[in-house]
Amino acid sequence: MRLSKIKLTGFKSFVDATTLSFPSHRVGIVGPNGCGKSNIIDAVRWVMGESSAKHLRGAAMTDVIFNGSHTRKPVEQAIIELVFAEVNIPQYPPNADIAVKRQLSRDGQSVYFINGVRCRRKDITDLFLGTGLGPRSYAIIEQGMISRLIEAKPEELRILLEEAAGIAKYKERRKETEQR
Ligand code: ATP
Ligand code: MG
């Protein structure tokens, strides 16, 4: 599975509809300070269901919506769609493309879609459980994460190892079954 496209509108500095295409397995994003490189990583995390504004470098969740500049007015909503290619997840045909979208308006209302069909946040996190991708997963290694890992308590380390080994999704399903 690989991320092949990110479509952003009204998210942080990306006020106009922008499509970033990642045609190969290795892509570098370069640019001057403040041009929006980290905003792209925030975008991926946000669509995967990140619910902490702090982890997106803001104070409130609505801080991700473009809040205006010298020449542009703030906008009402942020929309991001991630397109994954070569997805091999049991409920989809082999090598399918999957589009995952999140929309947030200024009233704080978030809505999620998988392939254009409205879904819950949980449906998105479930879809990627065990793949290494998620709002806090090891697929995104941010500044300071390596030192946090070195200093992590055994229980915290275990969570990451279980996700990497593909056990996390079975534990999550067992927990759900036990709660029913
Ligand atoms: P560096 O090289 O310093 O890490 P960067 O390319 O990672 O920089 P980002 O942190 O992605 O830069 O982008 C910061 C820019 O995004 C700032 O100019 C900031 O004003 C802008 N920005 C963040 N949130 C919003 C928002 N809600 N509305 C408008 N602009 C925003
Ligand atoms: Mg940065």
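This is a predicted model: local features need pLDDT of at least 70, side-chain atom pairs count only at pLDDT 80 or more; totals for chains, interfaces and linings use all residues.
Ala17 counts as exposed because 10 C-beta neighbours lie inside 10 Å. Residues are numbered from 1 along each chain as its sequence is written, while chains are lettered from A and ligands numbered from 1 in the order in which they are written.

Ala17 sits in the loop between E1 and strand E2 (18-21). Helices (H or I, at least four residues) and strands (E, at least two) are DSSP runs, numbered from the N terminus. Leaving aside neighbours within four places in sequence, Ala17 is in contact with Lys7 and Thr9. Contact requires C-beta atoms, placed from the backbone, within 7 Å. Ser4 is 13 residues from Ala17 along the chain, and their C-alpha atoms are separated by 17 Å.

Lys7 belongs to strand E1. Lys7 is partly exposed, with 19 other C-beta atoms within 10 Å. Beyond four places in sequence, Lys7 is in contact with Ala17, Thr19, Ile80 and Glu81. Thr18 is 11 residues away from Lys7 in sequence, yet 5.7 Å away in space, C-alpha to C-alpha.

## Nonpolar core

The largest nonpolar core has 26 residues. Such a core is a set of buried Ala, Val, Leu, Ile, Met, Phe, Trp, Tyr and Cys residues joined through C-beta atoms within 7 Å. Those with the most contacts inside it are Phe11, Ala43, Val47, Val64, Ala78, Ile80 and Leu82. Two or more residues each come from strand E1 (2-9), helix H1 (37-47), strand E3 (77-87), strand E4 (96-105) and helix H2 (121-128). E3 gives the most, with 6 residues.

Ala78 touches Gly10, Phe11, Val64, Ile65 and Leu104, not counting residues up to four places away in sequence.

## Ligand 1 and the annotated site

Around ligand 1 there are 14 residues, of which Lys12, Asn33, Lys37, Ser38 and Asn39 come nearest. A residue is near if its C-beta atom, placed from the backbone, lies within 6 Å. The shell divides into 3 nonpolar, 8 polar and 3 charged residues.

An unreviewed UniProt entry places a "binding site" at Pro32, Asn33, Gly34, Cys35, Gly36, Lys37, Ser38 and Asn39. Pro32 lies in the loop between E2 and H1, and counts as exposed with 7 C-beta neighbours inside 10 Å. Ser38 is in helix H1. Ser38 is partly exposed, with 15 other C-beta atoms within 10 Å.

Key
A residue is buried if 20 or more other C-beta atoms lie within 10 Å of its own, exposed if 12 or fewer, and partly exposed in between; C-beta atoms are placed from the backbone. Two residues are in contact if their C-beta atoms, placed from the backbone, lie within 7 Å. Ala, Val, Leu, Ile, Met, Phe, Trp, Tyr, Cys and Pro count as nonpolar, Asp, Glu, Lys and Arg as charged, and the others, Gly among them, as polar. UniProt positions are given in the numbering used here, feature names are shortened, and annotations may be inferred rather than shown by experiment.
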